[in-house]
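User: I am new to this structure and would like to know what stands behind the words used for it. Please set each value against its cut-off.

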Amino acid sequence: MPSLSILAFLLATTGTLSSPLQAREVVVTVGQQTVVAASTPSPAAFQWDSGAVADIPIHPSCNATQHTYIRNGLNEAIALAAQARDHLLRWGPNSPYKVKYFGNASTAEPIGWYTRIVSADRGNMTFRCDDPDRQCTTH
């Protein structure tokens, strides 16, 4: 009979020893040291295009219809210049249009001008509908 009680004891204690819910025998204390750095303001990101004007200004001398026509025409010209630039970037000197319009010259110059039309700062440009310097009436 003693062997039976030892077997029962072993079976009973085996389940409790392997159980994940058993009590810890060793208590581990973890200390954390916090280091606080002096607060320095992070530098602001550099805004290389700060103050740039994306749309060409249209002078208030233009009425609503003129303003709409000018804006639509400028947007179409920008889209056309972007298409021409992208075509030259894709086909390069092998484009028949490049040879037709620019000959055997490098594609760098027309690509640069098309890029300027598409994405230059337009703050120094203004479309007017009046003739303040009489250039329209004299020509």
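Analyst: Buried means under 20% relative accessible area, exposed means over 50%, and partly exposed lies in between. The model is predicted. In α2, the residues that count as buried are I70, R71, L74, A81, A82, R85 and L88.

User: What makes R85 buried?

Analyst: R85 has a relative accessible area of 17%. The cut-off for buried is under 20%, so R85 is buried.

User: Which residue forms a salt bridge with R85, and how do you know that the name applies?

Analyst: The partner is D86. A salt bridge needs a side-chain nitrogen of Lys or Arg within 4 Å of a carboxyl oxygen of Asp or Glu. The closest N and O atoms of D86 and R85 are 3.2 Å apart, so the pair meets the definition. D86 has 39% relative accessibility and is therefore called partly exposed.

User: How many salt bridges does a search of the whole structure find?

Analyst: The search finds two. Besides the pair of D86 and R85, the side chains of D130 and R128 meet at 2.9 Å, N to O. That value is within 4 Å, so the name salt bridge applies. Side chains of opposite charge can pair when their charged atoms come close.

User: Why are D130 and R128 called partly exposed?

Analyst: The relative accessible area is 34% for D130 and 38% for R128.

User: Why is the link of C62 and C129 called a disulfide?

Analyst: A disulfide is a pair of cysteine sulfur atoms within 2.5 Å. From S to S, C62 and C129 are 1.9 Å apart, so the pair qualifies. The count under this rule is one disulfide. The link of C62 and C129 is right-handed, with 100° about the S-S bond.

User: What parts of the chain does the pair link?

Analyst: The pair links distant parts, 67 residues apart. C62 is in the loop between α1 (2-17) and α2 (64-91), while C129 is in the loop between α4 (108-119) and α5 (135-138).

User: Are C62 and C129 buried, partly exposed or exposed?

Analyst: With a relative accessible area of 9%, C62 is under the 20% cut-off and is therefore buried. C129 has 30%, which means that C129 is partly exposed.

User: Why is C136 too far for a bond?

Analyst: The closest cysteine sulfur to that of C136 is in C129, at 10.0 Å. A disulfide needs sulfur atoms within 2.5 Å, so the sulfur of C136 is too far for a bond. The relative accessible area of C136 is 60%, and since exposed means over 50%, C136 is exposed.

User: What are the buried residues of α4, and why are they said to be on the same side?

Analyst: They are P110, I111 and V118. Around the axis they cover an arc of only 100°, so they lie on the same side of α4. On the other side of α4, the residues A108, E109 and W113 are exposed. The buried residues of α4 pack against α2 and α3 (96-102). α4 itself has twelve residues and reaches 16 Å from its first C-alpha to its last, close to the 16 Å expected at 1.5 Å a residue.

User: What makes G51 exposed?

Analyst: G51 has 68% relative accessibility, which is over the 50% cut-off, so G51 counts as exposed. The place of G51 is in the loop between α1 and α2. G51 and D121 are 70 residues apart along the chain, and their C-alpha atoms are separated by 9.0 Å.

User: Is R134 buried or exposed, and what is its phi?

Analyst: R134 has a relative accessible area of 53%, over the 50% cut-off, and is therefore exposed. Its phi is near 60°, a positive value in a residue other than glycine. R134 is found in the loop between α4 and α5.

Notes:
Residues are numbered from 1 along each chain as its sequence is written. This is a predicted model: local features need pLDDT of at least 70, side-chain atom pairs count only at pLDDT 80 or more; totals for chains, interfaces and linings use all residues. Side-chain values use heavy atoms; hydrogens and water are left out. Helices (H or I, at least four residues) and strands (E, at least two) are DSSP runs, numbered from the N terminus. Buried means under 20% relative accessible area, exposed over 50%, partly exposed in between (1.4 Å probe, protein chains only). The expected span of a helix is 1.5 Å times one less than its number of residues. The arc is that of the directions from the helix axis to the C-beta atoms. Contact means heavy atoms within 4.5 Å.
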